[in-house]
Amino acid sequence: MADYGDSSVSPPQQQYEDLVLGWAQEAIQEGDALLKSDPNYTKIDPTIRAIMSADDPNGITTPAPLSRSDIHQFGKIALDLRSGLTDTKIYWDYKTQNQWFEQSAVMATRLGKAWWLNRQCDMRLADGISWCFAAGSAAIRLVYNKEIGDLELQAWDPRDVLPVRMSNNLDYDSGFAVVLRKECTVNYLCGKYGYNPDGSKSAMYSRIIPDTDGSFMGRLSGLGDKIASVASPILKGIWGDMERAKSQMRVPSCVTYTIEVKDDSINETGHTVLMGPHKSDGTPSQNWSYAVEPGEAMYPRGRVIYCTKSCVLYDGPSIYWSGGFDVMKLSLDQWPFGFLGKSPMWDVLPLQDSLRECFRLVMNTVRKLQRPGVIGDKNSVSRALWDKLDTSLAGMKLMQNPSMGKGFRFWRPTL
Amino acid sequence: MLALMPFIIERMEFVSGAKDVTNFAALGQIPSSETIEKFMEAMSPAIRSRSRTMEAFMRPLAFKVLAGFMQFYGQAKRVRALGKDGSVLEDFDYDPGTLIPAYIHPQDLIPNTNHPTATAQSRGPRPLMDRAMMFLPMFDFYIAPGSLLAASEVTQKLLYLQLARAGMLDMFTLLERLGVPNVGSPADLPATVLGRLQFQNSQNLGPNVSSAGRKASGQSMPQMSAGGKISESG
């Protein structure tokens with residue numbers, strides 16, 4: 001994930017945090033509503049199920065005597081399309097019109113090719129293409145991953161990247177904000193944001209509340225830890241065992257939101273404001289830290305809020321020089337009628353249903369050929385014989401008395 | 001009923017464009033004598049549209065990647081990745097170790113030169129991020145329309161071959177483009193095509209075309225016969 005963890009921004013005040021979280025909640029609802037208004041939003045899940053060969057996308061349970069066989073041509077077509085469109089060459093060519101920097105352009109081209117290979121960007125692009133087939137478009141994000149010390153390409157489910165106040169359907173950049181929704185374990189968040197530089201737990205630790213677990217226990221965990229820490233080592237040990245037992249049952253997690261906003265706030269404080277981490281002498285400690293003079297824009301390259309439903313983990317400037325949002329929309333068939341674009345697989349979805357029907361009809365007929373239906377006259381066929389009659393048996397022998405009735409009549413379909 | 005199933009499958013492949021992609025990909029499998037025109041014909045409107053969309057997507061991505069290189073790739077990291085080619089002159093200016101020139105703002109430079117004014121020198125370089133904002137727009141990402149898919153690379157290879165025959169492209173760039181391994185790189189090999197052409201001429205290196213047989217047209221890929229003879233004339 002993008003590294004928004006080393007900010008020197010102190011935990012915000014409660015009133016300010018409530019305001020930010022309230023605004024964030026509105027933005028999330030707005031973005032979610034915009035995506036769900038797309039006419040093809042509801043086709044995404046059935047398409048994914050069909051690609052993954054999940055059984056019967058219509059959810060109709062087939063009776064046992066009928067064939068449940070399926071022919072997953074849909075998945076094969078998706079694979080063919082994806083492999084065809086991801087068989088790309090490494091084409092990375094920077095140019096400059098300034099002759100003094102031609103050497104830099106050549107070097108950047110080589111760096112680009114090396115990065116593309118080393119970071120397996122072709123695989124990430126393939127993930128993006130997969131999302132295009134399932135959802136019409138993909139959200140591709142470029143972040144700096146501090147753990148690997150390199151730029152990283154990520155493909156996101158477009159349903160988890162919420163555009164806010166869009167001016168057109170082309171890209172996220174045309175909107176006022178974009179919200180990236182991701183589920184994280186509470187342990188991860190606590191590890192990253194819940195400790196002070198000296199190793200002690202910060203106030204943030206107990207405010208990171210799981211929202212996909214038994215939330216009562218989740219809310220108690222921070223309080224319990226505090227009580228245990230001042231009560232006795234024994235109580236602390238017991239509490240630790242409870243925590244372990246709980247984690248064995250389920251992993252507490254919560255949804256995080258990375259909100260990138262085009263904030264045009266001006267520094268009206270009358271003095272210089274330092275944005276991003278700075279050393280004690282006022283010099284920037286990161287290459288994205290900067291000073292804002294009075295009257296200048298506070299967030300020239302955008303503002304980022306990283307939060308959960310319960311607390312703000314980071315609120316400050318974007319760490320990237322490139323400006324704009326760090327997420328881009330990839331849509332293979334872009335149309336102006338919807339934000340998500342159109343997946344080529346959506347036209348095929350009803351045909352897959354027809355193919356399945358056809359295939360099952362054939363298989364049911366084969367079953368009937370193997371075990372044809374039989375009509376018996378109760379006057380000439382005994383109940384005992386009728387009960388053990390199985391027309392699929394090879395060399396089946398039946399005895400009947402034709403003078404007492406019509407006997408057996410077999411019914412075989414034709415293919 | 002049995003005939004209906006192949007019909008549905010064929011329709012599925014046609015409607016989705018999978019058939020086009022399969023046909024197009026087949027052309028990229030080391031062709032024997034396919035012409036440029038055949039490639040262009042094989043690229044159906046649907047493939048062309050999707051290829052162009054992906055190419056258009058690559059431009060903003062490439063810009064962000066370049067900004068990322070300038071921000072997060074110091075000299076040490078670049079040298080680690082590319083060897084001696086990882087350094088540029090800007091690594092040794094008044095703000096060493098970064099790709100960003102120490103003086104890039106027009107007010108900081110003597111007109112029509114790359115040298116800082118005395119005022120700028122006495123003040124020192126502007127903040128790195130401000131200079132990056134001036135420097136980044138000087139670069140463009142170039143990608144030829146319809147060229148991203150690997151199957152279309154054969155067209156590019158033929159184009160480079162033609163340019164090399166015409167003496168407009170050096171052998172090092174040609175061999176790189178053709179993906180020939182172990183080409184090597186002379187110590188003083190320039191980075192640009194023009195520089196390499198001059199280097200090639202100064203070293204008396206160059207293509208050696210056989211005068212025997214019909215003159216090669218470069219319209220088709222070289223073919224090897226069963227006896228091992230290579231023909232360039234199709």
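This is a predicted model: local features need pLDDT of at least 70, side-chain atom pairs count only at pLDDT 80 or more; totals for chains, interfaces and linings use all residues.
The interface of the two chains involves 73 residues of chain A, which are in contact with 74 residues of chain B. The area buried between chain A and chain B is about 6800 Å². Carbon and sulfur atoms give 73% of this buried area. On the side of chain A, Lys89(A), Tyr91(A) and Trp321(A) supply 14% of the area that the chain buries against chain B, more than any other three residues.

The rule finds 14 residue pairs in polar contact between chain A and chain B, both residues being at pLDDT 80 or more. The elements that give two or more residues to the side of chain A touching chain B include both helices and strands: among them are helix H3 (73–86), helix H5 (121–135), strand S2 (137–145) and helix H9 (349–370) of chain A. H4(A) gives the most to this side, with 12 residues. By residue class, the side of chain A that touches chain B divides into 41 nonpolar, 19 polar and 13 charged residues. Across the interface of chain A and chain B, 2 salt bridges are found. Asp333(A) forms a salt bridge with Arg50(B), with the closest N and O atoms 3.3 Å apart. In general terms, side chains of opposite charge can pair when their charged atoms come close.

Strand pairing provides a further link between the chains. S1(A) pairs with strand S1 of chain B, residues 139–141, in the antiparallel sense over 3 bridges. Within this pairing, Thr96(A) stands opposite Phe139(B) in S1(B).

Aromatic pairs were counted over all chains, and the count comes to 15. In one of these pairs, the rings of Tyr94(A) and Phe141(B) have their centres 5.7 Å apart and their planes at 65°, so the pair is edge-to-face.

An example within chain A is the salt bridge in which the side chains of Lys36(A) and Asp32(A) meet, at 3.9 Å from N to O. Lys36(A) and Asp32(A) are 4 residues apart in helix H1 (residues 14–36) of chain A, and are therefore separated by about one helical turn.

Chain A also contains strands that pair with one another. Strand S4 (residues 161–166) and strand S5 (residues 175–185) of chain A pair in the antiparallel sense over 5 bridges. S5(A) is in turn joined by 9 bridges to strand S6 (residues 253–261) of chain A, and these strands run antiparallel. Leu180(A) illustrates how S5(A) is placed in both pairings: Leu180(A) is the bridge partner of Val161(A), and the bridge partner of Leu180(A) in S6(A) is Thr258(A).

Conventions:
Residues are numbered from 1 along each chain as its sequence is written. Chains are lettered from A and ligands numbered from 1 in the order in which they are written. Side-chain values use heavy atoms; hydrogens and water are left out. Contact means heavy atoms within 4.5 Å. Buried area is the accessible area (1.4 Å probe) that two parts lose on being put together, summed over both. A salt bridge is a side-chain nitrogen of Lys or Arg within 4 Å of a carboxyl oxygen of Asp or Glu. A polar contact is a pair of N or O atoms within 3.5 Å; within protein, one must be able to donate a hydrogen and the other to accept it, and residues adjacent in sequence count only if both atoms are side-chain atoms. Ala, Val, Leu, Ile, Met, Phe, Trp, Tyr, Cys and Pro count as nonpolar, Asp, Glu, Lys and Arg as charged, and the others, Gly among them, as polar. Two strands pair if DSSP finds at least two bridges between them. Rings of Phe, Tyr and Trp (its six-membered ring) pair if their centres lie within 6.5 Å; planes under 30 degrees apart count as stacked, over 60 as edge-to-face and the rest as tilted.
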